[in-house]
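This report is for a reader who is meeting this structure for the first time. Please look at the sequence and the model before reading on.

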Amino acid sequence: MNVVTRFAPSPTGYLHIGGARTALFNWLFARHHGGQYKLRIEDTDAKRSTKPAINAIIDSLTWLGLENDGETIFQSSRRNLHVAAAEKLLAENKAYRCYCSSEELSEMRTKARASRTTNSYDRRWRDRDPADHPSDISPVVRIKMPLGGVTTINDKVQGAVSVNNEELDDFILLRSDGTPTYMHSVVVDDHDMEVTHIIRGDDHLNNAFRQYHLYQALNWKPPEYAHIPLIHGQDGQKLSKRHGALGVEAYKEMGYLPEAVRNYLLRLGWSHKDHELISTKNAIAWFKLSSINKGPSRFDFDRLDSVNKHYISECEDEKLVQLIIEFARGHKDIDEKLFVERLLLLLPALKKRAKNLKEMFNDALFLVIPPAYPVKDKKAANCLGPDSKKLLRSLSLTLNEIEDWDLDRTEKCVRSFAEAHGVKLADVAKPLRVALTGSLASPGIFEVVVALGREEVASRLKNVK
RNA sequence: GACCCCAUCGUCUAGAGGCCUAGGACACCGGCCUUUCACGCCGGCAACGCGGGUUCAAAUCCCGCUGGGGUCACCA
């Protein structure tokens, strides 16, 4: 099967998580069929489209690893083609000029609501003689939709969906200033781009019927449609900033890995048996439109975290370190070289505990920023009583005698030290942890000791206050 | 309001009439491990929205209700 899909965001803001999933599904479907995945920026609305938004969207897509095939197409550059298509319909009497004022239209809308119908425009210019048009109004161009009958779309996700044609209004193709509307441009562009499958949010399901008839009028073959359910917030309401409707770049900043975001998004509304952690290779091999659920799903950060944890644990150390030190930018007091050096040593221990890169960064910060005294956390500060300090001073001397500074020897050294002093390991480990990290919660104490190095440990023990 | 869509544990989901005493994952709770927080391991709680059909048999098919969502722009 020859497959061409597209993702067509409008650049009025960042790429939100729902859009990212739509892009992912389009990308996956194209890859699965060895087809093409294209990107089209729907910047028809010059007033609301912005350059920064375009860049943000493309950056996010790149970060997610969803590279498009071929050139990115800008809808605005195709304006003359849209206009030409509308004029063709006008010439064929499949479209007409409508001279209604905005007052008339809003009046019709109010009336329609009151009379319990969907269709608000009453088609008053459809068959009226264009000769008696008012001179002070520049017309819009509207399509002539069928007046009776039923339209059925066999949606790949939703199944057969039918609507009475009387519900469909004569929508606008060209605005009064001559610019094409979205409803019109999409059809022309999708046709010219030879798009075979339109996969998009089901907020477009109703539009599909209108677009379908535009294809008919233009004598073009309509594409296959797949309307995927929307993503809701954790409370089941529409996604808002509070629960996940952030730009994709916000997820990057929170420390999520792109492969984790992709995996999480993939499993939101789509599944393959009981598989949860799915490699890109398998995702491509397994992706089917028929496996997409019909109902909306909720965004769940706990779930994202757990997926992210997995990909962090799988990530190569060198790569991880590079990603983590990005969070160090802006911290002037961090010696990056030293940080990387120590981070690499601590990474195995760090990997086990963090949900995201930012957390890893924060957990590792003590590597280059020694504890500040007095220690803020009360419980931690309490671990540095007179007895403990004495113990630490003594420990410092013992540690210094170690020949090879590695995990095994430092552990043995501390353990036998505790034994020799007749105290529990915890009685030594706790103060040591606070002295080295400034906190009661840290990676394993021996990992910490090794990562900091002999000199730094000695220095921090000396500086305990 | 009209039209369209949807409905399995708290959440994401498996389930295509008998394999369902409804499976997995996340979260949650308990235990083990333990130098802290974690990780890991073991165990637990927890769902077919309701009412009618169809059928020998229904989470699965049909109808109604209820609930949720979407769309009704010279936005996309």
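The sections below describe a predicted model, beginning with the RNA strand and ending with a sheet.

## Surroundings of the RNA

There are 64 residues around RNA strand B, and Arg175, Gly269, Ser271, Arg353 and Ser442 come nearest. By residue type, the surface near RNA strand B divides into 25 charged, 21 polar and 18 nonpolar residues. Helix 10, which covers residues 301–314, gives the most to this surface, with four residues.

On the RNA side, sugar or phosphate accounts for 69% of the atoms of RNA strand B within 4 Å of the protein, and bases account for the rest.

## Backbone contacts with the RNA

Some polar contacts to the RNA come from the protein backbone. A backbone N or O atom of arginine 298 is 2.8 Å from a phosphate oxygen of RNA strand B.

Glutamate 42 and lysine 352 face another part of the RNA backbone. For glutamate 42, a backbone N or O atom lies 3.3 Å from a sugar or linking oxygen of RNA strand B. For lysine 352, a polar backbone atom is 3.5 Å from a sugar or linking oxygen of RNA strand B.

Three strands, in the order 1-2-3, make up an open sheet with parallel pairing. Strand 1 (4–7) and strand 3 (73–74) are its edge strands, each pairing on one side only.

Four bridges join strand 1 to strand 2 (residues 36–41) in the parallel sense. Phenylalanine 7 stands opposite leucine 39 of strand 2. Helix 1 (residues 17–32) lies across strand 1 and strand 2, and runs at about 165 degrees to strand 1.

Key: Residues are numbered from 1 along each chain as its sequence is written. Chains are lettered from A and ligands numbered from 1 in the order in which they are written. This is a predicted model: local features need pLDDT of at least 70, side-chain atom pairs count only at pLDDT 80 or more; totals for chains, interfaces and linings use all residues. Side-chain values use heavy atoms; hydrogens and water are left out. A residue is near a molecule or strand if one of its heavy atoms lies within 4 Å of it. A polar contact is a pair of N or O atoms within 3.5 Å; within protein, one must be able to donate a hydrogen and the other to accept it, and residues adjacent in sequence count only if both atoms are side-chain atoms. Helices (H or I, at least four residues) and strands (E, at least two) are DSSP runs, numbered from the N terminus. Ala, Val, Leu, Ile, Met, Phe, Trp, Tyr, Cys and Pro count as nonpolar, Asp, Glu, Lys and Arg as charged, and the others, Gly among them, as polar. Two strands pair if DSSP finds at least two bridges between them. Contact means heavy atoms within 4.5 Å. Axes are lines fitted to C-alpha atoms, for helices over the stretch in contact, and angles run from 0 to 180 degrees between N-to-C directions.
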